[in-house]
Amino acid sequence: MASAHSAHSDSPTPVGAGDRFYALRMTALITFCGLLLSSLITSIGVLLTGERDWLSAICLALLIPLLLLPPLGYPLLLRLSSLRRENRALQQQVREDHLTGLFNRPHLLGMLERELSLSQRHDYVVSVLLLDVADFTDLADRHGRRAADRLLRVFADRIRDKIRESDLFGRIDGAQFLLVLPHTSQLDALHMAEGLRALVTSMQVPGIEDSLQFEVRLGVASTENTGPNLNALLNEADYTLYQSRNDLRHRADQN
């Protein structure tokens with residue numbers, strides 16, 4: 001097993017068409033610059049030394065970059081391009097949720113912490129919304145895991161289409177999401193929460209023929225009440241989410 005893992009880790013990074021195009025383009029550019037530089041240096045040398053056989057000198061100055069730069073530069077640039085692409089993919093995997101494409105919990109909480117530091121420095125309000133799909137396990141049992149995953153993807157897309165570019169949105173656990181709203185008061189966050197609740201409860205999920213009925217629990221908190229403290233802000237949002245859960249159960253019992 002150890003040798004198989006070692007062989008896998010030492011396998012070369014796959015090379016794509018984009019890597020080859022980048023390597024060709026950059027190799028051509030570097031070769032052209034090398035030709036110009038070599039010709040310029042040789043011309044200056046010919047003028048300073050008074051060399052009579054200047055044509056041979058210029059030809060040699062052009063031949064050397066053409067022989068050396070392409071075979072040395074292309075493989076190196078090809079490797080660098082493939083490594084750079086792989087690093088971008090790894091960075092994307094580190095910060096993104098694999099199912100929805102949103103920020104994952106560690107990356108989102110790190111961004112929220114930075115946002116809270118900025119809000120304290122520049123004196124503005126930050127609010128957060130916790131959104132939780134109620135009884136998600138029952139939905140998955142009733143409609144199947146694939147349909148439940150599609151529900152989460154559609155849920156994430158619908159909200160992502162309605163928020164501002166400055167807002168931060170991610171999936172933090174199972175069917176629970178966190179929306180960070182810079183420069184937003186608690187009252188405005190409450191209004192936005194109700195709008196999002198109405199938006200997602202009427203959505204259609206591809207692949208589910210039956211009418212999909214579900215509730216969204218919401219928890220709202222703001223630095224107006226908690227101050228710019230990450231744990232206090234999240235605890236307050238979680239508490240209001242718990243109250244929302246109890247309200248849903250109370251309405252269900254009355255019905």
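Reader: How covered is strand E1 (residues 126–133)?

Author: Buried means under 20% relative accessible area, exposed over 50%, partly exposed in between (1.4 Å probe, protein chains only). Strands (E, at least two residues) and helices (H or I, at least four) are DSSP runs, numbered from the N terminus. In E1, eight of eight residues are buried. This is a predicted model: local features need pLDDT of at least 70, side-chain atom pairs count only at pLDDT 80 or more, and totals for chains, interfaces and linings use all residues. Residues are numbered from 1 along each chain as its sequence is written, and side-chain values use heavy atoms, without hydrogens and water.

Reader: Which residues of E1 lie on each side?

Author: In a regular strand, side chains alternate between the two faces of the sheet. Here one side holds Val126, Val128, Leu130 and Asp132. The other holds Ser127, Leu129, Leu131 and Val133. All are buried.

Reader: Which strands pair with E1?

Author: Two strands pair if DSSP finds at least two bridges between them. E1 pairs antiparallel with E3 (residues 176–182) over seven bridges. Val128 has Val180 as its bridge partner there. E1 also pairs antiparallel with E4 (residues 216–222), over seven bridges. Leu131 is bridged to Leu218 in E4.

Reader: What joins E2 to E3?

Author: Five bridges, with the strands running antiparallel. Gly170 stands opposite Leu178 in E3. E2 and E3 form a hairpin with two residues between them. Gly174, in the turn, has a positive phi of about 55°. In E2 (residues 168–173), five of six residues are buried.

Reader: Is Ile64 in a helix or a strand?

Author: Ile64 lies in helix H3 (residues 54–95). Ile64 is partly exposed, at 42% relative accessible area.
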